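Take a look at the structure below. The text walks through a helix pair, then a sheet, then the confidence of the model.

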Amino acid sequence: MNQVLNIFRKDTRRFWPEIVLSLVITAAFALIYPVQWLPDTGERVRELQILANVLTGLVPVSWWLLIGRVVHAETLVGDRQFWITRPYEWKKLLGAKVLFLLVWLYLPFFAAQSLLLAEAGFHPLSYVPGLLFGLLLATGILVMPLFAVAAITANFARLTLTLLGALIALLVAAIAANLGNRYTASIPSSDRFTLPLVLCLCGAAVLLQYAARRVWQARVLLIAGLVLIGAVLFAASRSQDSQVNRYYPPPASASAAPFQLRLAPDSKRKVTDRQMNDNDRYIDVPLLVSGVTDGYAIQIDNLKATFTGQDGFSWTSPWQGVYGQRFLPDTGETQLQIRIDPAAYERLLKAPTGLHLNLALTRLKAGATTSVVLPRGDVVLPGFGICSIHPDFSFVGYSSDDNLDCRFALHQPRLTYLSTIWSDEPCSSAQPTPEHAAVADGWTGDLSNPDPAEFGITPVWTPYVNFNIRRVHNGMPDLSSTHWRLCPGAPFRATQYSPVDRTQTSLTLTNFLLPANVVPTS
Amino acid sequence: MNPTIRTQDLGKRFGQTEVLREINLAVPEGAIYALVGPNGAGKTTMIKLMMNIFRPTAGHAQVLGLDTQRLAGEVFNRIGYVSENQEMPEAMTVQALLDFMRPFYPRWDRALERQLVRQFDLPLDRKLKHLSRGMRMKAAFASSLAYRPSLIVLDEPFTGLDPLVRDELIESLLERAPETTIFLSSHDLAEIESFASHVGYLEEGRMLFSEEMSVLADRFREVSITLPAPSRVPPNLPPAWLVPETADCVLRFVHSEYRGDASEREVAHLFPAARNVAWEVMPLRSIFLAIAKTGRTQNHAPQIAADDRRPEA
């Protein structure tokens, strides 16, 4: 232990400028970051928000500096270091480095995160397991890779160049994985592979270096790990169809379909298409939804479309992701967007075609509902987050994500359905009468991550909460020019949904006419 | 008594380059062993093998009774290592270096530390990076001697130092000599001949010999044979006769295996018409020059290791 403390004291004395710099950045981040939760009004607030973003980026940069410097104080690469012929015990040397990081990196970061949670209105003691899990994620994503690369490089410049090289390699791998992969499916599995692998590989490389200074073995191990991760990600991107079929098994029988869909026969929304770029066409298909059971919702995750022309020509898309399509029992009309190959589109355009849609969906079950009357200022919604409204803010249109700000501790909220009442009158008046009110609703959060924390420099998440007008009084004037507000006193409901099962359903449309008019959009 | 350092067929290869091969040596306890040889002979590689900085690709070595590949941690309490090209913690002051090193060594002698600081006139408040080369070497010595190591290993410790500093360091080493074994490398014979008790000569990765200085001095003689008429260097001279040359009627060579009467009889047998044969004791410098010249003439390491000492008629 004496050796651990001796090395720790030496490193602390030697690297006090780096330590002070890191502490100043972390403290400034903790103090300034809460401006991110303020409404984006005023030049001063915007400047501070930019500064907060810069500081968020500087925190990991300070870690890079701290880890690189302290590991290279007893560099593990080379044959000229004075310490390798001194009675250093490798476990104690490694212990001293870990102690250094615990005291000067983890502890300040933990304190900063706790302070931010408290600032955001969350009691940090209630979130200790999540905070610790967040530190574990930070270890796997940032600290261990930095530590491992520092352990296989001789100095800070080489560490920096190696990190840049690794980043470029990952970028190239990501670009290569997406080349020719125009259709991206939504896969519900959360990644349980990469983080443990990174931790194991980096840990093994660090141990190998400290125990035996096997530089090239450690380097090969890390490079092999990088290649393995790249290969797995590449393989995953190339096997989306089989993954969707595995995660979304077809139903045992047609009657088991959890809801029904049919083409909207006389809808205001016509079948339209949009040309997004030279390579693809997007077709919006209006549909009627029915049969969703009370207490449940349906989320469409992926679709696969097969078009069959009268001449026998057929084109089937791979599975393609569908985002934000959730149906409640009272959902009437919706529209699905289909991406189609332009050559197939041109060929199928000439005559009515058959369209067969396979839908991969998740059945959601409603959980606890929290109902409150929105006050002026913060409102704590148990199991959800802390929200506040901006009664002075009005907007025009059918949707807005600016009138309600919510903060969540440690991760994005679980998938939640929100509804409230908008008013087209100033907030000073009493509750809006039905003639001046609109029901607005929206979804926020996601299903995919059950962990107690997501990786982030900040522990407070502020995703957009987007509301759309769902229902208005029949006698309301032109909605497109109405100024809406979310006022104190408005009712607010938040219902969490959890996944029940995943399955597939299908829909066949005969004599489907592809839209002829292509409307270019930017 | 077990030797402090022992190597057996020790070899080191970097890729295709064989840097050391079949090194066999034994350094007895209490010896001051000087490993000499020209630049690039493999001296530093050998020392790094002994200190477990490199791993051997052939053979093995023992230091203080331990296989060198197991040298780590606590055993360095008994070893002091100083190298001319060692990377020191440059940002530390001399005082900080000594303060940092002290807790590592249970046998650290504060009085000796103070004595060494005084003896070397070390500026305690100066950072190592601001010290001259000589002062840095002194600081390294002080931090390596203050715990009274059983073995001191020095890699070219005096290279580039002025004579005064060199003498100071040698003096400090000799003060430790009774209680420790010293192994040092040098490419400069003059540095070590005054105090080394044993010497090994390394050339092109091969140990040409390794023995006590006194034995070495006894073994070499400069021989001058006066022949009846001018002559060229005769062919098929014994391999132990190094750098033979003729000048007029005189044949000169260095006998590397002088054995008194036996050697004189051997010369008389090979040159029965010789008018005169003179045998002169050689200074160490001349011995090494002869060995070095032999290596260069033959373009490979000369074969004069102890086991090969068998003259051919």
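H2(A) passes H4(A) in a right-handed crossing; a crossing is right-handed if the near helix is turned clockwise from the far one by less than a right angle, and left-handed if anticlockwise. From H2(A), the contact uses A:Ile19, A:Ser22, A:Leu23, A:Thr26, A:Phe29 and A:Ala30. H4(A) brings A:Trp104, A:Pro108, A:Phe109, A:Ala112, A:Leu115 and A:Leu116. Contact requires C-beta atoms, placed from the backbone, within 7 Å. By class, there are 10 nonpolar, two polar and no charged residues.

This is a predicted model: local features need pLDDT of at least 70, side-chain atom pairs count only at pLDDT 80 or more, and totals for chains, interfaces and linings use all residues. Residues are numbered from 1 along each chain as its sequence is written, while chains are lettered from A and ligands numbered from 1 in the order in which they are written.

Now chain B. Four strands form an open sheet in the order S12-S13-S11-S14, with antiparallel pairing. Strands are DSSP runs of E, at least two residues, and helices are runs of H or I, at least four, numbered from the N terminus. Strands pair if DSSP finds at least two bridges between them. S12 (241–247) and S14 (276–281) of chain B stand at the edges with a single partner strand each, so one side of each lacks a neighbour in the sheet. Within the sheet, six bridges join S11 (residues 221–226) to S13 (residues 250–255) of chain B. There, B:Glu222 stands opposite B:Val254.

Finally, confidence. The mean pLDDT (the predictor's confidence in each residue, from 0 to 100) of chain A is 87. In chain A, 92% of residues reach 70 or more.

Definitions and conventions: Two residues are in contact if their C-beta atoms, placed from the backbone, lie within 7 Å. Ala, Val, Leu, Ile, Met, Phe, Trp, Tyr, Cys and Pro count as nonpolar, Asp, Glu, Lys and Arg as charged, and the others, Gly among them, as polar.
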